[in-house]
Amino acid sequence: MQASFPKTISLENGLLLTIKDISRKIADGEPNPKLHDNRNQRIVAGDIWYMGLLLSMEIPVSTALAHLEPEKIAQIEKAVGKSVLYEKTLSRNLIHESEKDEAVAQLLEGVEKSFLPYLGRPKFAGNHVLKLFAQQTGPVAPRRPGW
């Protein structure tokens, strides 16, 4: 499977997810016939890769928190900015060149099965913005009993 990158996917909540291939070769060498992987019956060494996908999504704060009062949105935008960036890296290390396409296909399958439903949830954007706001402003006082 040969995927073309970068990919842009429109999510159910209206956000755009960009997937970039950040794979790179990490070892380049001549195969050594003395090193042999008995399980897969292939020569070890040679061209070894780090396979990675970078998921990124820009989240406009005012859109994500449209349910809040304008004063609260302004306070949050002052702390985190007009938009925030969500990034996640998925990777596999020490992949032989002959297994590159399969590794990318497995990573993309994981994105499709796990991340797209999670990132596409209606509350994801707002929750992510509020999480970053809490990290910027420090811990919040615990609620009083009965509050």
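This is a predicted model: local features need pLDDT of at least 70, side-chain atom pairs count only at pLDDT 80 or more; totals for chains, interfaces and linings use all residues.
I started with His-128: skipping its neighbours within four places in sequence, it is in contact (heavy atoms within 4.5 Å) with Ile-59, Val-84, Leu-85 and Tyr-86. Residues are numbered from 1 along each chain as its sequence is written, and side-chain values use heavy atoms, with hydrogens and water left out.

Next I looked up burial. His-128 has a relative accessible area of 11%, so I log it as buried (under 20% relative accessible area, 1.4 Å probe, protein chains only).

Then its helix. His-128 sits in H4, residues 124-137; helices here are DSSP runs of H or I, at least four residues, and strands are E runs of at least two, numbered from the N terminus. After H4 comes Gly-138, with a positive phi near 95 degrees.

Which elements do the buried residues of H4 pack against? I find strands S6 (48-60) and S7 (83-96), plus helices H1 (61-64), H2 (70-80) and H3 (100-119). The buried residues of H4 are Phe-124, Ala-125, Gly-126, His-128, Val-129 and Phe-133.

Last, Met-57. Not counting residues up to four places away in sequence, I see Met-57 touching residues including Val-84, Leu-85, Tyr-86 and Phe-124.

Notes
Buried means under 20% relative accessible area, exposed over 50%, partly exposed in between (1.4 Å probe, protein chains only).
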